[in-house]
Amino acid sequence: MKSISFCLILLCFALLPLSCNTNKHTPVSDTDVIKSEIFSDPYQMPYYLNGGDAGLQNDLYSTMSKTAPITQECVQGRAVISFAISEDGVIDPNSIKLIRNRSVPEDYIEAAIQAIKGLGKFEPGKFNNTPKKVRYNISIIYPIPLDRIKTNE
């Protein structure tokens, strides 16, 4: 009797995967992705129209230098700020948030956030050649690197 019940239990476990496979899963195509989703790794990352990554840092640090002290040896650190760039290439001001702070005072962080809000347009990130909303992270170094500040000369 024990061997028959053991065989029945074994048979149930063997047939269980077959009975659970009634709903076939279809692969999700790239066109089925929800439009409101924010991508963090699209096929093509956003490109800052005013000079790419170097232009982005120049504009960011130049704007920050007007509100935060340019050099202050007692403030040294790094912060990472994240924001979303819409399908139109514009920064969503509600998406800006601090994700990492290494010894940077709050007023410097606020200066960086205000500078990010004032940045220009981006060529939007793309997924299958379709513009998508993309999350963008930028690292900010303190004290502000003097070689990254634009001068009016």
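Predicted model: local features only at pLDDT ≥ 70, side-chain atom pairs only at ≥ 80, totals over all residues.
Me: How many helices and strands does the protein have?
Reply: The protein is a chain of 153 residues, of which 34% count as buried. Along the sequence its elements follow the pattern α-β-α-β-β-α-β-β-β-β. The secondary structure therefore comes to 3 helices and 7 strands.

Me: In what order do the 3 strands of the open sheet stand?
Reply: Strand β2, residues 77-85, pairs with β7 in the antiparallel sense over 9 bridges. Strands β2 and β3 also pair in the antiparallel sense, over 7 bridges. The order of the open sheet is β3-β2-β7.

Me: Which strands stand at the edges of this sheet, each with a single partner strand?
Reply: The sheet has the order β3-β2-β7, with antiparallel pairing. One side of each edge strand is left without a neighbour in the sheet, because each has a single partner strand; these are β3 (91-102) and β7 (134-142).

Me: Which residue is the bridge partner of Ala79 in β7?
Reply: Strands β2 and β7 pair over 9 bridges. Within this pairing, Phe83 stands opposite Tyr136 in β7. For Ala79, the bridge partner in β7 is Ile140.

Me: Which residue takes a positive phi in the hairpin of β2 and β3?
Reply: The two strands pair over 7 bridges, and the bridge partner of Arg78 in β3 is Arg102. Between the strands of the hairpin there are 5 residues. The residue with a positive phi, near 85°, is Gly89.

Me: How many of the 9 residues of β2 are buried?
Reply: A residue counts as buried when its relative accessible area is under 20%. Strand β2 is largely enclosed by the rest of the structure, because the number of its 9 residues that are buried is 8.

Me: How far apart are the end C-alpha atoms of α3?
Reply: Helix α3 has 12 residues, and at 1.5 Å a residue these should span 16 Å. The distance in the model agrees with this, as the end C-alpha atoms are 17 Å apart.

Me: Against which elements do the buried residues of α2 pack?
Reply: Helix α2 covers residues 52-67, and its end C-alpha atoms are 23 Å apart, which agrees with the 22 Å that its 16 residues should span. Its buried residues include Gly52, Leu56, Leu60, Tyr61 and Met64. They pack against β1 (47-48), α3, β4 (122-123) and β7.

Me: Is Ser62 buried or exposed?
Reply: Ser62 lies in helix α2. Between Ser62 and Leu146, which are 84 residues apart in sequence, the C-alpha to C-alpha distance is 9.2 Å. The relative accessibility of Ser62 is 11%, so Ser62 counts as buried.

Me: Which side chains meet in a salt bridge?
Reply: Side chains of opposite charge can pair when their charged atoms come close. The structure holds 1 salt bridge. It ties together parts that are 41 residues apart in sequence, because one partner lies in strand β3 and the other in the loop between β6 (130-132) and β7. At a distance of 3.4 Å, N to O, the side chains are those of Asp92 and Lys133.

Me: What is the relative accessible area of Asp92?
Reply: Asp92 lies in strand β3. Asp92 is partly exposed, because its relative accessible area is 21%.

How values were computed
Residues numbered from 1 in each chain as written. Heavy atoms only, no water. Pairing = 2+ DSSP bridges. Helix = DSSP H or I, 4+ residues; strand = E, 2+ residues; numbered from the N terminus. Expected span 1.5 Å × (residues − 1). Buried < 20%, exposed > 50% of the residue type's maximum accessible area, 1.4 Å probe, protein only. Contact = heavy atoms within 4.5 Å. Salt bridge = Lys/Arg side-chain N within 4 Å of Asp/Glu carboxyl O.
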